[in-house]
Amino acid sequence: MKDFFDEFERIFSSSFIDEDDFFGPRRSYKIEHSNFESPFLDMWETQKDILIIFDLPAVEKKDIDVTIEKNVLTLKANIDKNNGFFTKLHLPTEVLANKIESKFKNGVLEVIIPKKNVSKSAKVN
């Protein structure tokens, strides 16, 4: 029965998500004989920041690693030795990686990443 639901999810997801879409489909990763899934997330931009909220159930704060290198955010969160979450996101604009802020509570990680070169708006007469 599990195969039926897996196939249904694959067909249903591919009907609505373009493989080249910014977020892409949910993926599973094999890392050193382990099973890591791409976490569910919400991501949006404001004028000054990129905000990302990750759902990381069963993960403890000490087991989360977030890095940004060359505008690619990498998240790895371990549930146990062989299971967890892993994803890489190409950020839509240059960011100030050294100014990243985050909060983790009840399995939800909020990440705020300031944009680089934020232009100030001016009134045109």
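I began with confidence in this predicted model: strand E1 (residues 28–31) has the lowest, at a mean of 50, and E9 the highest, at 97. For residues 14–25 I found pLDDT below 50, with 9 contacts in the model beyond near neighbours in sequence. Where pLDDT is low, the predicted coordinates should not be read in detail. I then looked up the protein as a whole: the mean pLDDT is 81, and 66% of the residues reach 70 or more.

Next I looked at the sheet that holds E9. I noted an open sheet of 4 strands, in the order E3-E4-E9-E8, with antiparallel pairing. Strand E3 (41–45) and strand E8 (101–105) are at its edges; each has a single partner strand, so one side of each lacks a neighbour in the sheet.

I followed E8 into its partner. E8 and strand E9 (residues 108–114) run antiparallel and are joined by 5 bridges. I checked Phe 104 and found its bridge partner in E9 to be Leu 109.

Then I turned to side-chain packing. The largest nonpolar core counts 18 residues, and among those with the most contacts inside it are Phe 54, Leu 75 and Ile 113. I listed the elements that give two or more residues to this core: strand E4 (49–55), strand E5 (64–69), strand E6 (72–78), strand E7 (83–90) and E9.

Last, I took Leu 75 by itself. Leaving aside neighbours within four places in sequence, its contacts include Pro 39, Phe 54, Ile 64, Phe 85 and Leu 109.

Definitions and conventions:
Residues are numbered from 1 along each chain as its sequence is written. This is a predicted model: local features need pLDDT of at least 70, side-chain atom pairs count only at pLDDT 80 or more; totals for chains, interfaces and linings use all residues. Side-chain values use heavy atoms; hydrogens and water are left out. Two strands pair if DSSP finds at least two bridges between them. pLDDT is the predictor's confidence in each residue, from 0 to 100. Contact means heavy atoms within 4.5 Å. A nonpolar core is a set of buried Ala, Val, Leu, Ile, Met, Phe, Trp, Tyr and Cys residues joined through side-chain atoms within 4.5 Å. Buried means under 20% relative accessible area, exposed over 50%, partly exposed in between (1.4 Å probe, protein chains only).
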